[in-house]
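Biologist: I would like to learn how to read helix packing and domain layout from a model. Could we work through an example?

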Amino acid sequence: MAETAPERSSPSSGPSGRRVLVIGLGNRLRRDDAAGLELARALRDRAGEAGIVVREHEGETLGLLEEWEGVEAVVLVDAVSSGVAPGTLRRMDGSVDPIPTHFRSSSSTHAVGLSDAIELARALGRLPARVVVFGIEGRCFDAGCGLSEDVRAAIAPLAERVLGEAHELISR
Amino acid sequence: MSEGRRTRVIRTDYLARVEGEGAMYVRLDGREVVDVKLRIYEPPRFFEALLRGRAFTEAPDITARICGICPIAYQMSAVRAMEDACGVKIDEGPLRDLRRLIYCGEWIESHSLHVYMLHAPDFLGYPGALEMARDHREIVEQGLRMKKAGNALMTVVGGREVHPINVRVGGFYRAPSAAQLRSLQDPLERARETALQTVRWAATLPFPDVECAPEHVALSDPGRYPIDLGRIHSDRGLDIAPSGFDEHFVEEHVEHSNALHARIRERGSYLTGPLARYALCSQALRPLALEAAREAGLGPVCRNPFQSIIVRAVELVQACDEALALIAAYEEPDAPAVEITPRHAVGHGATEAPRGMIYHRYEIDEEGTILDARIVPPTSQNQLVIEEDLRAVVERGLDLSDEELSLRCEQAIRNHDPCISCATHFLELTVDRGRDGA
């Protein structure tokens with residue numbers, strides 16, 4: 001199909017035999033909500049490093065259960081609104097326990113929120129063994145395109161940190 | 001205030017299992033319902049402004065991003081409107097068949113999500129799909145399998161399942177091969193079987209005794225169940241081409257919602273979506289779907305909005321069966337698209353999104369630049385009927401506790417699968433001192 005179709009093949013294995021999927025989530029028409037997508041885009045050129053595949057996910061969250069099928073470890077990057085400085089990165093490990101309750105009971109506006117999708121996958125035995133969620137604090141979620149300046153400035157260093165996590169998940 | 005005149009307020013500031021952002025407010029004075037409001041936080045008309053000044057060829061891709069659940073509905077309405085403006089008709093032939101096919105994929109995907117994940121918990125008594133999965137794993141697994149079949153169809157025809165990139169004004173960038181489509185037959189046959197079981201299962205659910213009689217509005221496509229084109233008609237005599245939309249429908253701002261409310265001029269509220277399509281077009285269902293509807297006990301019109309889950313299941317059978325027929329008959333088109341030359345004109349397009357009719361109108365100049373855009377999504381059309389349903393539900397449920405009544409009201413809203421467009425993913429955190437904080 002058209003040239004911009006995202007990579008759909010399964011990630012090839014890294015040196016340890018593990019595969020890691022990095023998924024950026026968001027909506028490009030709601031300003032900083034696109035932070036996760038922009039981070040994934042920043043990492044796209046780095047995809048292809050052994051065992052790491054980067055994807056952008058703009059649809060409803062239950063589609064993630066198909067997205068991560070057969071993958072051992074997944075890193076999810078989404079925008080967050082918590083009142084801390086825009087551009088701040090927060091890391092949560094959802095591998096064993098649900099991500100914190102106040103995160104779960106958020107007003108995520110999709111029919112099924114990210115944390116619910118993770119818990120549903122866990123209940124059905126469809127969750128990768130390792131799940132790390134990164135939240136990027138946004139400033140503005142109004143209708144419109146383009147990230148706030150401070151969020152945009154944070155993307156490149158945050159992308160390095162997310163990539164570091166992916167490497168660690170492969171070698172662990 | 002005497003006990004009999006006690007004021008009760010039922011409100012939900014966040015509606016779970018509704019696509020988008022919304023809230024509900026119901027005020028009772030004694031046993032009298034004095035106020036019912038569905039508040040929708042829809043960024044007002046942002047997309048229409050975004051479209052002005054862009055090329056007419058960009059409309060399908062831009063509008064696809066309005067909704068993560070029904071991108072095809074936006075794309076198909078946009079391409080129909082642009083082709084109408086340019087004086088081109090794709091009303092028959094393999095390109096139209098491909099459009100119906102990808103639209104079937106969206107119906108399967110969207111209805112599966114709603115029937116199994118969002119609506120079923122209301123009837124089985126769970127707060128959501130997650131809690132339901134612990135006791136009814138098979139229902140959730142069925143939903144995921146059905147959704148996957150729809151996604152596969154959208155991926156093969158559309159290039160990818162969310163925001164398909166293969167749709168363009170005039171047709172497609174590339175037509176799928178017959179072999180690619182044949183690969184979808186097995187999963188679609190299984191999905192059709194699951195859909196038939198789902199109709200039977202849905203018919204056994206407990207439904208509150210509610211009857212509503214809105215004016216039903218749907219497209220009419222002689223001999224076919226409406227999906228991708230047709231005249232706009234209603235069960236109170238409306239029968240117009242999409243170009244007559246403005247003459248017969250009006251959208252108004254109301255104070256409590258920043259979404260526009262649509263009404264039929266001089267008559268008022270109306271309903272679009274599965275219940276309206278079924279009421280107006282059930283005779284055009286494929287025999288398998290019609291038989292399933294009859295076996296489930298549905299008459300020619302379904303007036304209980306809670307039973308919309310049965311009608312959606314019937315439409316799942318319809319979409320799977322139609323997709324299989326289109327695949328069986330598919331021959332690759334000579335060209336994936338017809339060439340379109342822009343001209344200064346206004347074009348109209350109306351199609352049937354899973355949750356109801358959607359109307360687009362564009363004015364473009366001779367270069368094809370968009371001068372004006374108007375998009376009327378299903379939920380803004382259904383909003384008044386949803387409020388009327390809420391009123392009916394409250395009036396019949398006065399003896400329920402506030403908690404029970406609140407839940408019943410939320411269910412009444414979910415009956416219509418409202419999609420409050422331009423949703424965000426962002427997670428609102430009011431406390432951020434968690435144990436795993438970085």
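Biologist: Are helix 3 of chain B and helix 4 of chain B roughly parallel or roughly antiparallel to each other?

Modeller: Note that this is a predicted model. Two packed helices are described by the angle between their axes and the distance between the axes. Here, helix 3 (residues 71–85) of chain B and helix 4 (residues 94–124) of chain B pack at about 155°, and their axes are 9 Å apart. Angles over 145 degrees count as roughly antiparallel, so helix 3 of chain B and helix 4 of chain B are roughly antiparallel.

Biologist: Which residues make the contact?

Modeller: Helix 3 of chain B contributes B:Ile72, B:Ala73 and B:Met76, while helix 4 of chain B contributes B:Arg99, B:Ile102, B:Tyr103 and B:Glu106. By class, this contact has 5 nonpolar and 2 charged residues, with no polar ones.

Biologist: At what angle do helix 4 of chain B and helix 6 of chain B pack?

Modeller: The angle is about 160°, and the axes of helix 4 of chain B and helix 6 (residues 137–158) of chain B lie 8 Å apart. This pair is therefore roughly antiparallel too. The crossing of helix 4 of chain B and helix 6 of chain B is left-handed. The residues of their contact divide into 16 nonpolar, 7 polar and 3 charged.

Biologist: Into which domains is chain B divided?

Modeller: Domain 1 of chain B covers 3–42 + 387–414, and domain 2 covers 46–385. Taken over C-alpha atoms, the centres of domain 1 of chain B and domain 2 of chain B are separated by 28 Å.

How values were computed:
Residues are numbered from 1 along each chain as its sequence is written. Chains are lettered from A and ligands numbered from 1 in the order in which they are written. This is a predicted model: local features need pLDDT of at least 70, side-chain atom pairs count only at pLDDT 80 or more; totals for chains, interfaces and linings use all residues. Axes are lines fitted to C-alpha atoms, for helices over the stretch in contact, and angles run from 0 to 180 degrees between N-to-C directions. Helices (H or I, at least four residues) and strands (E, at least two) are DSSP runs, numbered from the N terminus. Angles under 35 degrees count as roughly parallel, over 145 as roughly antiparallel, 65 to 115 as roughly perpendicular and the rest as oblique. Two residues are in contact if their C-beta atoms, placed from the backbone, lie within 7 Å. Ala, Val, Leu, Ile, Met, Phe, Trp, Tyr, Cys and Pro count as nonpolar, Asp, Glu, Lys and Arg as charged, and the others, Gly among them, as polar. A crossing is left-handed if the near helix is turned anticlockwise from the far one by less than a right angle, and right-handed if clockwise. Domain bounds come from an automatic or database domain assignment.
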